[in-house]
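Keep both open and look for each part as it comes up.

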Number of protein chains: 2
Amino acid sequence: MESQKGRERGGEEVITINPDGEVGDGEEVDLNSYFKTADDSSLTEPWMIRRRVKALKKILARGMQIERKFYEEISILERKYESLFQPLYAQRLQITSGKCEPKDEECDFPEDSDAAYELLQKARSDNKGSEGDEADGIKGIPHFWLTAMKNVGVLAEMIESHDEPVLQHLENISVELVAEPNGFKINFHFAPNEFIKNSVLTKSYTMKNDVDERDPLSYDGPEITNCHGCTVEWQENRNVTQIQRQKKIKDKNGSVKLVTEKFRVPSFFDFFSPPEIPSDPNFEMDEEVLVQLTRDFDIGQFIRETFIPRAVMHYTGEAETDHGSDEDEGDDETDYDGLSDDMSNLSMNKPREADPYDQ
Amino acid sequence: MESQKGRERGGEEVITINPDGEVGDGEEVDLNSYFKTADDSSLTEPWMIRRRVKALKKILARGMQIERKFYEEISILERKYESLFQPLYAQRLQITSGKCEPKDEECDFPEDSDAAYELLQKARSDNKGSEGDEADGIKGIPHFWLTAMKNVGVLAEMIESHDEPVLQHLENISVELVAEPNGFKINFHFAPNEFIKNSVLTKSYTMKNDVDERDPLSYDGPEITNCHGCTVEWQENRNVTQIQRQKKIKDKNGSVKLVTEKFRVPSFFDFFSPPEIPSDPNFEMDEEVLVQLTRDFDIGQFIRETFIPRAVMHYTGEAETDHGSDEDEGDDETDYDGLSDDMSNLSMNKPREADPYDQ
């Protein structure tokens with residue numbers, strides 16, 4: 001069979017027909033040479049074309065106004081749904097803080113790990129004296145929010161070990177949509193503690209959803225434009241963002257002065273002192289500050305849209321390991337400057353593509 | 001002054017106070033060693049904690065149902081706004097196809113390039129004989145959609161030079177939201193031409209917005225789950241996706257047979273023959289096919305949400321060069337497998353972060 005084929009091939013004469021139906025001369029035809037390519041030299045196009053393009057742009061500018069209203073309506077929807085989520089967040093807080101022990105029928109969530117769970121349960125009832133009593137002494141879910149934050153790369157990076165004793169007192173993180181100015185507040189609620197006097201630390205983000213009159217075609221939906229922190233009121237000598245050093249200074253005459261020097265150390269609480277954006281729009285901001293702000297905006301968006309709603313999945317670490325469709329699809333975009341994979345899914349409103357199996 | 005400082009420094013004695021208020025012995029203090037780190041060993045946590053985590057998961061599963069309804073309402077909003085955009089798309093088509101010449105007051109969109117535009121206009125009225133007559137003979141905006149597609153990296157890659165003579169007849173690209181099954185159709189409308197018989201080629205995308213009963217916590221908003229193409233009906237001998245070769249085969253007895261061989265060549269029109277997703281969810285799909293489908297879903301989403309609404313900006317190439325805030329912010333994520341920057345902004349519903357100056 002193989003040799004028969006070989007003989008046929010040896011005796012073949014090839015006639016090529018290209019898609020125009022012309023008969024070639026037996027050589028392989030390069031189709032490309034048969035067609036002229038499209039003219040995309042829009043810069044040299046005649047005035048009449050430019051005029052029509054201007055008309056299209058004017059139509060698009062009207063489209064941007066419609067799109068702005070679409071996002072306005074989404075923003076109203078978000079407010080409506082925020083109030084529907086609140087009771088769930090309140091129940092979550094009751095459980096994490098230990099104010100309320102869930103009933104059995106509130107805990108029957110089926111999971112793959114249920115075999116181990118039931119073994120633990122059995123061991124507990126068989127041997128009430130050991131694990132039982134000890135565990136019953138634990139109030140709620142200790143360090144729920146700190147653990148959840150430490151499981152998210154981009155948040156973990158912000159937390160220094162000297163921040164942890166403070167963040168162990170973090171009881172809740174909540175988000176609050178704000179109408180005027182449009183935006184949202186992230187509230188970090190602390191139990192009374194020996195480090196800070198504030199019961200709530202707040203980071204506020206301002207958003208705008210305006211079509212710029214001077215450049216309407218640049219509109220691309222709501223965007224965060226600014227953020228503000230708050231003053232952390234530290235208990236005396238408990239400011240973990242500073243190291244104090246006292247120096248005794250002896251001058252050449254032998255007299256001694258006592259000088260206190262303070263050094264700032266990196267801290268999670270720097271999150272509440274973001275760089276200020278100058279009101280002068282022509283002030284050229286430092287590239288590094290710009291990167292820092294972008295990152296801050298990303299983090300705020302992420303905490304609001306993903307971290308707070310799905311906190312339990314970050315507490316268990318499942319949000320970080322169950323990438324599911326994302327990884328299966330070979331979505332190997334490089335993380336930007338250490339932003340974790342979670343950050344690539346910043347938006348609650350973003351329709352996503354599914355693993356085709358996942359139907 | 002410099003030497004005075006030097007002397008002081010030489011005589012200094014350092015006392016360090018750490019944030020706990022304890023006085024150190026003059027050595028620099030490592031704050032980290034003063035605090036124990038948070039316990040994040042959730043896998044070994046006692047049964048009572050596991051039980052509370054289960055309660056939180058059950059609460060989150062209810063949250064997912066609320067989130068699903070939120071997206072359902074967004075989907076209703078999208079339908080409402082689709083109908084508001086239609087008149088604008090109809091006007092655009094009138095202009096690009098040349099069915100209607102815009103009035104002067106419809107073309108007064110101010111731009112940076114207006115000086116050049118006015119020079120062209122003046123030259124035209126001064127010298128009606130040359131550019132004027134020639135340009136007036138041009139109907140609409142020739143090759144509007146082909147040019148726009150060729151300016152977008154990810155679409156340009158799909159277009160082979162043998163596709164261009166066909167795509168020059170592309171008159172419009174429209175999107176149609178579909179309720180049952182939920183999804184959208186992208187319609188490619190062709191003027192009568194010598195290549196294909198179809199006046200419309202359609203690519204349909206199916207979406208789902210269901211919380212999986214077996215895995216409710218994996219819910220993450222609407223997702224594309226499948227897509228279907230259509231049959232391109234080529235005019236005889238005008239199928240640009242095939243090269244035909246006729247072979248005369250002489251066997252050893254000297255008799256001649258004429259055999260026609262067809263070879264497929266890569267083509268934009270492969271977009272209408274996406275891989276089929278087997279209905280058996282346990283069928284293991286080829287990794288390469290999975291990547292191809294993911295890419296196809298991304299492209300469909302992009303055409304729907306960005307390319308069709310902003311087509312004029314892709315025609316001029318401004319959508320590709322005016323990255324504005326994106327680039328300023330150092331958002332240097334690596335493009336995935338040639339997907340252009342445009343693709344990183346796939347979603348219409350995605351709130352974006354602004355250039356802080358852009359307020």
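The points below cover a helix, a group of strands and some salt bridges. Please keep in mind that this is a predicted model.

**A helix in chain B**

- Start with helix 8 of chain B, which covers residues 287–307 and has 21 residues.
- From its first C-alpha to its last, helix 8 of chain B reaches 28 Å, close to the 30 Å expected at 1.5 Å a residue.
- Is this helix largely enclosed, or is it open? Of the 21 residues of helix 8 of chain B, 16 are buried, so the rest of the structure largely encloses it.

**Strands in chain A**

- Now find strand 3 of chain A, residues 183–190, which is mostly covered, with six of its eight residues buried.
- Strand 3 of chain A pairs with strand 2 of chain A (residues 170–178) in the antiparallel sense, over eight bridges.
- Strands 2 and 3 of chain A form a hairpin, and four residues lie between them.
- In strand 4 of chain A, V200(A) is the residue opposite H189(A).

**Salt bridges that join the chains**

- Over all chains, the structure holds 40 salt bridges.
- One of them links R51(B) with D104(A), whose closest N and O atoms are 2.7 Å apart.
- R51(B) lies in helix 2 of chain B and D104(A) in the loop between helix 2 and helix 3 of chain A, so this pair joins two chains.
- Are these two partners buried or exposed? R51(B) is buried, with a relative accessible area of 7%, whereas D104(A) is exposed, at 59%.
- Another salt bridge is formed by the side chains of R310(A) and D220(B), at 3.6 Å from N to O.
- This pair joins two chains too, because R310(A) sits in the loop between helix 8 and helix 9 of chain A, while D220(B) sits in the loop between strand 4 and strand 5 of chain B.
- R310(A) is buried, with a relative accessible area of 11%.

**A pair in chain B and a network**

- The side chains of R264(B) and D270(B) meet in a salt bridge at 3.2 Å, N to O.
- R264(B) is exposed, with a relative accessible area of 56%, and D270(B) counts as partly exposed at 30%.
- Salt bridges with shared partners also join K54(A), K57(A), E111(B), D114(B) and E318(B) into one network.

Note on methods: Residues numbered from 1 in each chain as written. Chains lettered and ligands numbered in written order. Predicted model: local features only at pLDDT ≥ 70, side-chain atom pairs only at ≥ 80, totals over all residues. Heavy atoms only, no water. Expected span 1.5 Å × (residues − 1). Buried < 20%, exposed > 50% of the residue type's maximum accessible area, 1.4 Å probe, protein only. Pairing = 2+ DSSP bridges. Salt bridge = Lys/Arg side-chain N within 4 Å of Asp/Glu carboxyl O.
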